[in-house]
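Work through the exercises below with the sequence and the model open. Each task is followed by a solution in steps.

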Amino acid sequence: MTRIVADSTCDLSQQECATLGVDRVPLTIQFEGATYLDGFDLTHEEFYAMMRKSPQLPTTSQANPTQFEEVFLPHLERGDDIVVVTISSKLSATMNSALIAAQSLDPTRIHVVDSLSGSFGASLLLRHAATLRDGGASAVEIAEALTALTPRLRLFAVVDTLKYLKMGGRLSPAAALLGGALGITPILCLEDGVIAPVGKVRGEEAGKKALLDIIQKGRPDPAYGIAFSHADAPEKLEHYLEFLCPHLGEIPVFKGSIGAAIGSHTGPGVIGVSFVSQE
C-alpha cells in the first residue's frame, strides 16, 4: 500500500487528513517566547488572534529529519511505500529534512515531491495523490504524476493589509503608508516556488474582479478542482465565492484556511485561490 505524508503547511484540517489518509509532520512556530507545533497545538484561529495583538511577527522553523523518520518508520515496517509532498523548497528547508529522513531509512521506498507551492496549493496535489492511490497507482507513479503537475500549479492571494509585509521587511514604510492611505493592497502569487507580487487592487470588489480575471486567464483544469482559502476571514471568503462561483461552471470547489506558513508573511484577511492550469 502507498502512504501519503505532508508537512503541516498543506493546511488540510485534521478531519480532511483523516478522510484523505494523509499524515502530517508539523513545522514549529515561535511566538513571543513560546513554541508551538503548527496545526497541532495551535489552531489557525488562535494563531491569527495572537498575531493581531502582537507587535512582533511569529517565526516558523522547518520540520526536522527526526520528525519525518518518526512518521515514516511505522509505514515502512508494515511494508508500505510512501509519497511525501512538502512546501516549496524555496520557502522552507522542510523538503530537505524529508530527503535526509528518506535517505536514512529507505530512499527506494520513500518518494519526496517538492510542491513548489504550499497551503491551499499543496492541498490540491494531496487530493490528487489520494485519488491516484485509491485508484491503485504505485508510489512511484503518484510521485511522477505530482511532479509533472507542479509546473501547472497556480496560487494567488489578495492581501488585506500592508502592515505585515512592512513588519517583515518586504515593503518599505513609505510604500506601506502610501498604500494604506489609498486603500491599495497587493496581489501575490507563488511563482516558481517563490512569493512574488503580480498586481494591486483597491477594495474588496476590485479584489473579486481581479481573482475572476486570474481564474479565467489561467484556465483551471476541472480534473483537479479549484481551491479557495482565507486567513481568519471566513465571511469574506463567502462574499468572494458568491461572486466567483457562478463563473466557475462544474469545476469542484474546495474551501480551506490559510495557516502560519503564508499567514506569518501576509497577516489575516487574505483571500487566496489555487488551481492546476490546463497549460
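Axes here are lines fitted to C-alpha atoms, for helices over the stretch in contact, and angles run from 0 to 180 degrees between N-to-C directions. The model is predicted.

**Exercise 1.** Describe how helix α5 and helix α6 cross, and which residues meet.

Solution. 
1. Helix α5 covers residues 119-134 and helix α6 residues 139-149; their axes cross at roughly 150 degrees and come within 10 Å.
2. The crossing of α5 past α6 is right-handed.
3. From α5, Leu-125, His-128, Ala-129, Leu-132 and Arg-133 meet Ile-142, Ala-145, Leu-146 and Leu-149 of α6.
4. This contact of α5 with α6 has seven nonpolar residues, one polar and one charged.

**Exercise 2.** Characterise the second largest pocket by volume and lining.

Solution. 
1. The second largest pocket holds about 250 Å³ of space.
2. Its lining has 15 residues, with Leu-12, Ser-13, Gln-14, Gly-39 and His-44 nearest the centre.
3. At least two lining residues come from each of α1 (14-20), α2 (44-53) and β12 (253-257).
4. By class, the lining has three nonpolar, eight polar and four charged residues.

How values were computed. Residues are numbered from 1 along each chain as its sequence is written. This is a predicted model: local features need pLDDT of at least 70, side-chain atom pairs count only at pLDDT 80 or more; totals for chains, interfaces and linings use all residues. Side-chain values use heavy atoms; hydrogens and water are left out. On a 1 Å grid over the protein atoms alone, a cavity is a set of points where a 1.4 Å probe fits but cannot get out, and a pocket is an open set with protein on both sides within 12 Å along at least five of seven lines; lining residues have an atom within 4 Å of a point. Grid points are joined across faces, edges and corners, and a volume is the space filled by probe spheres set on the points. Helices (H or I, at least four residues) and strands (E, at least two) are DSSP runs, numbered from the N terminus. Ala, Val, Leu, Ile, Met, Phe, Trp, Tyr, Cys and Pro count as nonpolar, Asp, Glu, Lys and Arg as charged, and the others, Gly among them, as polar. A crossing is left-handed if the near helix is turned anticlockwise from the far one by less than a right angle, and right-handed if clockwise. Contact means heavy atoms within 4.5 Å.
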